[in-house]
Amino acid sequence: MNREKIIHSVPILGSASAPLQKSKRIKPLLRLLRVHHWTKNAFVFSGLLLSFNHLSIQMIQLTLVQFLLFCGISSSVYILNDMVDIEKDRRHPVKKFRPLASGDIKVSHALTILILLCPCVLVLSFLVNSTFGAIILIYFILNVSYSFKLKEFVIIDVLIISIGFVLRSLSGCLTTGDKIPIWFLLSVAFLTLFLGFNKRKKEILTLSGQTQNTRKILSEYSIGLINEMLPMLTSCTVVAYACFSIFEANSRYMIATLPIAVYGIFRYQYLLSKTDLGERPEMIVLRDRPIRFAVLLWVIVYISLQSNLFI
């Protein structure tokens, strides 16, 4: 009887292990594509928010397609960057767990994914719209240049990252056909510079004197230099957003969202001093409830103002 139980249990165990093995293969792939970083591509939806009064199904569908294509091209960039930095990542206390650096995924397999993914995204982008295709191509060229050379230049490395966010927002704004909101794009630029230099600061603190062995560019920065930059970037972000609220928003009461934006910035700065998430700003947005609540509140107030619900 015991023998029969053992025999019948063998296929059950085998079938149970199959999903586990499949999960072990999928998880490294998702980490290679950095799916959790796709939240950054939400900036593509900027155009829908700014044109809330005259949305159409076609605009929403087009923006969703653009979002997915930005996810594809950004994943291509991440794969390329991981391939270029594989040796440096292996010496980094956090990045050594990335799929390529840890050996969870072979470099040849990553190269195959890159060769299949990147051309498809570029072709589809130009099929959607020639202007959008040009933006995607510029984004890709900038990031390839960043991976191979530009990340070695102090300040320029963070500027390239910031430009990537501006291109995301610009693509979304062009979808609606409205006038390009300069103050809004400046807000995005200053905010992402603020996030970028905060990330550099956290990386320096994490490595604590080992920057030469991991990322040489970090040795060009100093905590003192970054601390001088951050207050200026905070002020520029708030002023640019205030100007957007006053001069470019459809509602004259848009300035009411300014305290929410300021709270979000201050809350982020507070979390940097209390947590170890500074190198992954996207995780702060995903994990911190007050920031998630602030984002949700901003969206509710913004939509209410655009819809004239309180006027």
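Predicted model: local features only at pLDDT ≥ 70, side-chain atom pairs only at ≥ 80, totals over all residues.
**A walk around helix H11**

H9 passes H11 in a left-handed crossing. Sorted by class, the residues in the contact of H9 with H11 are 22 nonpolar, five polar and three charged. The two helices pack at an angle of about 160°, and their axes lie 8 Å apart. Angles over 145 degrees count as roughly antiparallel, and H9 and H11 are therefore roughly antiparallel to each other.

Now follow H11 itself. This helix covers residues 223–248, 26 residues in total. From its first C-alpha to its last it reaches 36 Å, close to the 38 Å expected at 1.5 Å a residue. Several of its residues are buried, among them Ile226, Met229, Leu230, Leu233, Thr234 and Thr237. Further along, the buried residues include Ala240, Tyr241, Phe244 and Ser245. An α-helix has 3.6 residues a turn, so residues three or four places apart point the same way. What covers the buried residues of H11? The cover includes H2, helix H9 (182–207), helix H12 (258–274) and helix H14 (289–306).

Arg34 sits in the loop between helix H1 (2–33) and helix H2 (46–50). Its phi is near 55°, a positive value in a residue other than glycine. Is Arg34 buried or exposed? Arg34 counts as buried because its relative accessibility is 8%. Ile155 belongs to the loop between helix H7 (130–148) and helix H8 (156–176). Ile155 also has a positive phi, near 70°. With a relative accessible area of 33%, Ile155 is partly exposed.

Terms used
Residues numbered from 1 in each chain as written. Heavy atoms only, no water. Helix = DSSP H or I, 4+ residues; strand = E, 2+ residues; numbered from the N terminus. Buried < 20%, exposed > 50% of the residue type's maximum accessible area, 1.4 Å probe, protein only. Expected span 1.5 Å × (residues − 1). Contact = heavy atoms within 4.5 Å. Axes fitted to C-alpha atoms, helices over the stretch in contact; angles between N-to-C directions. Parallel < 35°, antiparallel > 145°, perpendicular 65-115°, else oblique. Left-handed = near helix turned anticlockwise from the far one by under 90°. Nonpolar A, V, L, I, M, F, W, Y, C, P; charged D, E, K, R; others polar.
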